[in-house]
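Thanks for coming, everyone. Have a look at the slide while I talk you through this one.

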Amino acid sequence: MAIVDLVMPKLGESIMEATVLKWLKQPGDAVQQDETVLEIATDKVDSEVPSTAEGFIEKIFFSVNDVVPIGAVIATIQTANEESTELPQASQATPVTPSPAPVSEVDSDGDYYETISEEPPTSKSVNRFYSPLVMTIASREGVSMNELENMPGTGNEGRVTKKDILKFVEDKKSRKPAGPVYNLQPRQQQVKEESKDVQIATDQLPAVYGGNVEIIEMDRMRRMIADHMVRSVQTSPHVTSFSEADVTNLVMWREKVKKDFEKREGVKLTFTPLFVEAVVRCIKKYPMINSSLDGTRIIIKKDINIGMATALPGGNLIVPVIRNADQLNLIGLTKQVNKLAENARNNKLRPEEIQDGTFTLTNVGTFGSLMGTPIINQPQAAILAVGIIKKRAVVVETPMGDSIAIRHMMYLSMSYDHRIIDGSLGATFLTAVANELENFDPGREV
């Protein structure tokens, strides 16, 4: 017999954890190689985790709704391979405990103090399972083995989760440190801390809502979208530039060819692939737009993968990605746009279809909006929003002089990361996209 670890697989760039949605197998159940064991979800897409071996599920380490870090062991599978030797389980290992040396700590206001760990190191073997992530946090935060043993866990069979240990550390820091303390804070800082404790206690009181209200709990996807948006604003200093384009030639051309196009290709020709085509041309001229930031290093992406923000029937949002959009002609872009939109609406997107985007396009005009100030889809550097196309009376310059005409006009807005993209580059790129749309060839052949 051999024991094989089933680990949380890597699910894409910037995805560090996933939530367990449903276990399809339980301990003792037989499982075939590549057979689905559980369903998981990230902030981008739902997915399935297949078995990496044939055998029986021996043990499950996470429950439904648990948040699991990428690479963590989520279950063990007992196989019938007699040549393999059974691997020691993580729960039988003796974790290395931090030494009780004095530790310099900083509280939430930036004040320093020293404290000596009150728990001596223990040499006894423990039978409780601790994930590598929990042990790493314990070592970094000075949590002793004795504290871990007595820590209540909310995971499967009382297992200590990442959430449990982070809450323990936060609670420990909010209390007065045990042991010798050398407090360097002036009296007014201590009064400030006491006032803050009172404020925290007040904030924990249940909220009271006046009037006639309805309270709706966010679903899982909406919570993840909310977290993603907040992290984006906290990560990147957003700047938004605006422009407008006369897209009359483009609108008239599409109106002329759309029926024949659909009859011949079997898909509808929407405005989105035409917008993507213009964006791709401009990214080739200004490659810095197609970048991301890693610390102090700017990563310019050679692949042009365009994300297209797609509204789901339930009101949520997802961003499938057109990979290598610069290598597709208009027919290929149109088929990709329709396929990804259909998969998104039917919850059939695969993980690879929402990964590795380098620039995002969102069409706020679909819902009648003139323009918007979109939030950057991290870790990208920019996102372009196109508004509704409306007929307006505008001044048209001709060789015979200026005149007023009815034209199809559209606003464009682009938010970009000001750490990488300055206003000059952002405005220049946006103007280039507008010019591409305005100079569309009305005699173009498909």
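First, some ground rules. This is a predicted model, so local features need pLDDT of at least 70 and side-chain atom pairs count only at pLDDT 80 or more, while totals for chains, interfaces and linings use all residues. Residues are numbered from 1 along each chain as its sequence is written, and side-chain values use heavy atoms, with hydrogens and water left out.

Okay, the whole chain. We've got nine helices and 21 strands here; helices (H or I, at least four residues) and strands (E, at least two) are DSSP runs, numbered from the N terminus. Of the 446 residues, 39% count as buried. Buried means under 20% relative accessible area, exposed means over 50%, and partly exposed is in between, with a 1.4 Å probe and protein chains only. Now contacts, which means heavy atoms within 4.5 Å. Take the contacts between residues at least 6 apart in sequence: 64% of those join residues at least 24 apart.

Let's zoom in on helix 6, residues 248–265. How far apart are its end C-alpha atoms? They're 24 Å apart, which agrees with the 26 Å that its 18 residues should span at 1.5 Å a residue. The expected span, by the way, is 1.5 Å times one less than the number of residues. Helix 6 also has a bend of about 45° at Val257; that's the angle between axes fitted to the seven residues ending there and the seven starting there. Val257 is buried too, and so are Trp253, Arg254 and Phe261, among others in this helix. The buried residues of helix 6 pack against several elements, including strand 11 (238–246), helix 7 (272–285) and helix 8 (330–345). Just past the end of helix 6, Gly266 has a positive phi of about 80°.

Now, how do the helices sit against each other? Two packed helices are described by the angle between their axes and the distance between the axes. Axes here are lines fitted to C-alpha atoms, for helices over the stretch in contact, and angles run from 0 to 180 degrees between N-to-C directions. Under 35 degrees counts as roughly parallel, over 145 as roughly antiparallel, 65 to 115 as roughly perpendicular, and the rest as oblique.

Start with helix 6 and helix 8: the angle is about 75° and the axes are 13 Å apart. They're therefore roughly perpendicular to each other. On the helix 6 side, the contact is made by Trp253, Phe261, Arg264 and Glu265, and on the helix 8 side by Leu330, Ile331, Thr334 and Lys335.

Next, helix 7 and helix 8 pack at about 125°, with axes 9 Å apart. That pair is therefore oblique. The residues in contact include Pro273 and Leu274 of helix 7, and Leu333 and Val337 of helix 8.

Helix 7 also packs with helix 9, at an angle of about 135° and with axes 9 Å apart. That makes helix 7 oblique to helix 9 as well. Among the residues that meet are Phe275, Ala278 and Cys282 in helix 7, and Phe429, Val433 and Leu437 in helix 9. Phe429, Val433 and Leu437 are also among the buried residues of helix 9.

On to single residues. Ser232 is in helix 5 (residues 220–235). Is Ser232 buried or exposed? Buried, with a relative accessible area of 0%. Leaving aside neighbours within four places in sequence, Ser232 touches His238, Ile375, Ile376 and Gln378.

Most residues other than glycine have a negative phi, and most peptide bonds are trans. The bond from Gln378 to Pro379, though, is cis, with omega near 5°. Pro379 lies in the loop between strand 18 and strand 19.

Asp34 is in the loop between strand 3 (30–31) and strand 4 (36–41), and it's exposed at 58% relative accessible area. Asn347 is in the loop between helix 8 and strand 18, and it's exposed as well, at 57%.

That's my tour; happy to go back to any of it.
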